[in-house]
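Subject: Structure handover

Hello,

Here is the structure I said I would pass on. Please keep it open while you read the notes below it.

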Amino acid sequence: IAGLDGRGHIEFAASRPVESAELTRLSGVTGAAARSNGAVGSLQLTTYRLDVDEPRTAITSLLNWSEGRGIELRGLEVAPGTLEDVFLRLTGRELRE
């Protein structure tokens with residue numbers, strides 16, 4: 001999968017909104033996307049997905065970045081590349097049932 005451009009990704013929710021462009025500047029990160037999950041209690045949570053080519057480097061950069069800005073990360077998940085990721089990168093289209 002790695003040989004076919006199946007890079008991994010990191011997903012997390014942040015305690016406050018962050019510019020995706022700022023996340024793409026982190027080491028090991030090749031892309032970032034955000035989506036709002038609505039309010040949870042008094043918090044407005046935004047979920048982010050980071051495409052990464054070097055997961056260890058990216059997670060270290062992300063944790064240092066969040067600590068330096070006082071942003072709490074919730075539900076942090078690191079996932080390796082999948083065949084679906086390879087398909088999306090090669091075709092630019094999603095699978096449909």
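Predicted model: local features only at pLDDT ≥ 70, side-chain atom pairs only at ≥ 80, totals over all residues.

Overall fold

The protein has 3 helices and 4 strands. Read from the N terminus, these elements follow the order β-α-β-β-α-β-α. Of its 97 residues, 32% count as buried. Among contacts with a separation of 6 or more, 66% are between residues 24 or more positions apart. The exposed surface comes to about 6,200 Å², and carbon and sulfur atoms supply 49% of that area.

Core

The largest nonpolar core holds 16 residues. Ile10, Phe12, Leu23, Leu50, Leu62 and Trp65 are the ones with the most contacts inside it. Three elements supply at least two residues each: β1 (8-14), β3 (43-52) and α2 (55-69). The most comes from α2, which gives 4 residues. As background, nonpolar side chains in soluble globular proteins tend to be buried together.

Aromatic pair

The count of aromatic pairs is 1. Phe12 and Tyr48 make up this pair, which is stacked, with 5.4 Å from centre to centre and 25 degrees between the planes. The pair links distant parts of the chain, since Phe12 is in strand β1 and Tyr48 is in strand β3, 36 residues apart. Phe12 and Tyr48 are both buried.

Trp65 and Glu22

Trp65 is one of the core residues with the most contacts inside the core. Leaving out residues up to four places away in sequence, Trp65 touches Val18, Glu22, Leu23, Leu26 and Ile71. Of these, Leu23 is also on the list of core residues with the most contacts.

Glu22 sits in helix α1 (residues 20-24). Its relative accessible area is 21%, so Glu22 counts as partly exposed; the cut-off for buried is under 20%. With residues up to four places away again left out, Glu22 touches Trp65 and Arg69. Between Glu22 and Trp65 there are 43 residues of sequence separation and 9.9 Å of C-alpha to C-alpha distance. Their side chains are joined by a polar contact of 2.8 Å.

Glu77 lies in strand β4 (residues 73-79). Which residues does Glu77 contact, leaving aside its neighbours within four places in sequence? They are His9, Ile10 and Glu11. Ile10 is also among the residues with the most contacts inside the core. Phe12 is 65 residues from Glu77 in sequence, but the C-alpha atoms of the two are 6.3 Å apart in space. Glu77 is partly exposed because its relative accessibility is 43%, and that class covers values between 20% and 50%.

His9 belongs to strand β1. Is His9 buried or exposed? Its relative accessibility is 9%, so His9 counts as buried. The side chains of His9 and Glu11 are joined by a polar contact of 3.4 Å. Both of these residues are in contact with Glu77.

Regards

How values were computed: Residues numbered from 1 in each chain as written. Heavy atoms only, no water. Core = buried A, V, L, I, M, F, W, Y, C linked by side-chain atoms within 4.5 Å. Buried < 20%, exposed > 50% of the residue type's maximum accessible area, 1.4 Å probe, protein only. Contact = heavy atoms within 4.5 Å. Phe/Tyr/Trp six-rings, centres within 6.5 Å; stacked < 30°, edge-to-face > 60°. Polar contact = N/O pair within 3.5 Å; in protein donor to acceptor, adjacent residues only side chain to side chain. Areas by Shrake-Rupley, 256 points an atom, 1.4 Å probe, with all protein chains shown as cover.
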